[in-house]
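Here are my notes on the structure you sent.

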Amino acid sequence: MLELSIGFFALTAPAVLFAGISKGGFGSGAAFASASILALILEPGQALAIMLPLLMLIDVTALKSYWKKWNWPDARLLILGALPGVALGALLYRSANADVLRFLIGAISIGFVAWQLARRNGLIRMSRRTASTPLGLFAGVVTGFTSFVSHAGGPPAAVYLLSQNLAKNQYQATTVLVFWVINITKFVPYAYLGMFTAETAFADMLLAPFAILGAWLGVRAHRIVSESVFFGITYVLLAMTGSKLIWDALT
């Protein structure tokens, strides 16, 4: 049973607000930190089920600003690859226990931080050559899988899209479109697997204003808060929550 206590909302409301700020003003890559935070106090399936409708709400809020500004061939390639990735994630969820999911969410959180720090320090250099179609499809598969098990599809999608040398606005619009479609696709197996309950739906209703407020704040924070400060906070959160989830899974 999901206990909707004051303690629950003391942690989840800021986490959802953070997701809205991330997707609204700083791209979607760091928003999955919210799922990692929720997984500290909830079963992983509950954390994922609560966050998905809220992420979809944020997607819809952001989509209007980027309508038809995306690169459709790149978006289509990632979406086509993501479909089998989502199916693989659903198969894993059916057979894995909660500790396996905690470990995966924690490992992906730590991996995200390591990848970002390595890229920012020049240890990983993005290719300036346009990625091939097979690589785009593979990136889509990884995007769909990681998105299903932890709402963390941002990094693999970014690796492919950054290689396509898109304009900043087109890159962001393509990202918004891709994850809008992927999140809709994930909703079906989430429902089939029984991840949604009356309790998660009620929690989403109460948390929805924080998601919308976060998206609104994100647009404004983008103008006054540097990305280095925002992502620095994100990396600390992910390193702490990822380490805790891995520890809980192994002990």
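1. Helix α4 covers residues 72-95, and its length makes sense: at 1.5 Å a residue, its 24 residues should span 34 Å, and the end C-alpha atoms lie 35 Å apart, which agrees. Bear in mind that this is a predicted model.

2. The helix is not straight throughout. At Ala 82, α4 bends by about 30 degrees, and Pro 84 follows within four residues.

3. The N-terminal end of α4 is capped by Asn 71, with a side-chain oxygen 3.0 Å from the backbone nitrogen of Asp 74. Asp 74 is itself buried. Other buried residues of α4 include Leu 77, Leu 78, Ile 79, Ala 82, Val 86 and Tyr 93.

4. On confidence, the protein chain has a mean pLDDT of 81, with 87% of its residues at 70 or more. Helix α4 has the highest confidence, at a mean of 91, while α10 (residues 227-250) has the lowest, at 76. Where pLDDT is low, the predicted coordinates should not be read in detail.

5. The largest nonpolar core holds 57 residues. Those touching the most other members are Leu 38, Ile 50, Met 51, Leu 54, Leu 78, Phe 148 and Val 178. Helix α3 (residues 44-63) gives the most to this core, with 12 residues. Another core, of six residues, lies apart from it; among them are Ala 33, Phe 112, Tyr 235 and Leu 238.

6. What does Leu 54 touch, leaving out residues up to four places away in sequence? Its contacts are Val 16, Asp 204, Leu 207, Ala 208 and Ala 211.

Key:
Residues numbered from 1 in each chain as written. Predicted model: local features only at pLDDT ≥ 70, side-chain atom pairs only at ≥ 80, totals over all residues. Heavy atoms only, no water. Helix = DSSP H or I, 4+ residues; strand = E, 2+ residues; numbered from the N terminus. Expected span 1.5 Å × (residues − 1). Bend = angle between axes of the 7 residues up to and from the residue. Buried < 20%, exposed > 50% of the residue type's maximum accessible area, 1.4 Å probe, protein only. Polar contact = N/O pair within 3.5 Å; in protein donor to acceptor, adjacent residues only side chain to side chain. pLDDT = per-residue confidence, 0-100. Core = buried A, V, L, I, M, F, W, Y, C linked by side-chain atoms within 4.5 Å. Contact = heavy atoms within 4.5 Å.
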